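Have a look at it before reading on.

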Amino acid sequence: MSGWLAIAGLGPGAEALVTPEVSASLAEATDVVGYIPYVARVAERPGLTLHASDNRVEVDRARHALQMAAEGRRVVVVSSGDPGVFAMAAAVFEALEAGAPEWRDLDIRVLPGITAMLAAAARAGAPLGHDFCAINLSDNLKPWALIEKRLRLAAEADFAMAFYNPRSRARPEGFARALELLRDVCGDDRPVIFARAVSTPGEKLTVVPLTKARPEMADMRTVVLVGSSLTRVLRAGDRPLVYTPRSAPE
Ligand SMILES: C[S@@+](CC[C@H](N)C(=O)[O-])C[C@H]1O[C@@H](n2cnc3c(N)ncnc32)[C@H](O)[C@@H]1O
């Protein structure tokens with residue numbers, strides 16, 4: 001088989017944040033597969049076929065990509081950010097596990113990208129400088145009770161936290177409940193960063209204490225970072241710099 005499959009992260013938005021490894025795989029590809037807005041970020045060229053599909057068909061898309069690679073095509077499955085973070089890499093391996101045995105002989109590579117959480121943290125300073133965790137607040141693929149349990153335990157363990165998919169029009173109430181839970185456990189002053197559309201022309205960064213955090217400050221283009229009890233906000237001119245010290249006291 002001469003085909004291969006790369007599962008690549010396009011980073012948070014800016015061209016400068018696409019890794020050279022990902023650009024090289026796209027330059028060699030015959031086919032690019034992915035969710036419509038991510039495929040739209042790939043430049044058309046002769047010899048390249050773009051296969052854009054809706055977000056709800058992840059495993060079908062993964063099967064299609066594996067099938068094309070098995071037929072000898074050079075296929076890149078694209079995700080935003082990093083493909084292993086709430087994205088297509090796991091979906092491809094799910095399809096591989098359930099799929100044709102010969103697919104396991106394929107050349108399959110995961111090419112990392114800059115995930116939204118890290119791009120946002122860099123804009124804000126270093127809020128993830130000590131231990132942290134990432135939680136997807138969407139209850140499309142897991143029950144809300146599990147999200148709430150993880151949130152509470154992460155807050156009690158005093159992690160800094162990053163929330164992906166914080167709030168959508170289809171489920172506006174979940175993030176409001178998450179903020180209430182955090183106020184219960186963390187108190188009012190914990191720094192919260194709303195980082196929207198990082199590294200795109202629509203980028204907006206807002207830093208507020210937990211008591212001033214409102215559900216409508218987030219949408220599906222926002223990643224939300226919440227500090228630990230040690231996270232500090234420095235003022236540098238008119239810019240807030242948020243950082244979590246490297247050490248925690250005994
Ligand atoms: C399905 S997840 C995909 C995450 C992606 N694989 C990554 O590593 O960044 C989509 C969520 O990522 C976050 N996100 C993606 N790009 C972003 C950006 N440029 N700025 C802020 N948040 C972003 C938002 O929370 C969005 O709801």
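Buried means under 20% relative accessible area, exposed means over 50%, and partly exposed is what falls in between (1.4 Å probe, protein chains only). This is a predicted model, in which local features need pLDDT of at least 70 and side-chain atom pairs count only at pLDDT 80 or more, while totals for chains, interfaces and linings use all residues. Residues are numbered from 1 along each chain as its sequence is written, and side-chain values use heavy atoms, with hydrogens and water left out.

Let's start with the charges. Side chains of opposite charge can pair when their charged atoms come close. A salt bridge here is a side-chain nitrogen of Lys or Arg within 4 Å of a carboxyl oxygen of Asp or Glu, and by that rule the count is seven. Among them are these:

| Pair | Closest N and O atoms |
|---|---|
| D31 and R73 | 2.5 Å |
| R63 and D60 | 3.0 Å |

Helices (H or I, at least four residues) and strands (E, at least two) are DSSP runs, numbered from the N terminus. D31 is buried at 2% relative accessibility, whereas R73 is partly exposed at 32%.

As for the remaining pair in the table, D107 comes in at 37% and R109 at 36%.

Now for the helix packing. The axes of α3 (residues 58-70) and α4 (residues 88-98) come within 8 Å and cross at roughly 70°. That makes α3 roughly perpendicular to α4, a label for angles of 65 to 115 degrees. Axes are lines fitted to C-alpha atoms, for helices over the stretch in contact, with angles running from 0 to 180 degrees between N-to-C directions.

Finally, the surface: I114, L118 and F132 make a nonpolar patch of about 230 Å². Patches take residues with over 30% relative accessible area and no salt bridge, joining nonpolar side chains (Val, Leu, Ile, Met, Phe, Trp, Tyr) within 5 Å and like charges within 9 Å. L118 belongs to helix α5 (residues 116-124) and is partly exposed at 43%.

Note on methods:
Accessible areas come from the Shrake-Rupley method with a 1.4 Å probe; for residues, only the protein chains shown count as cover. Angles under 35 degrees count as roughly parallel, over 145 as roughly antiparallel, 65 to 115 as roughly perpendicular and the rest as oblique.
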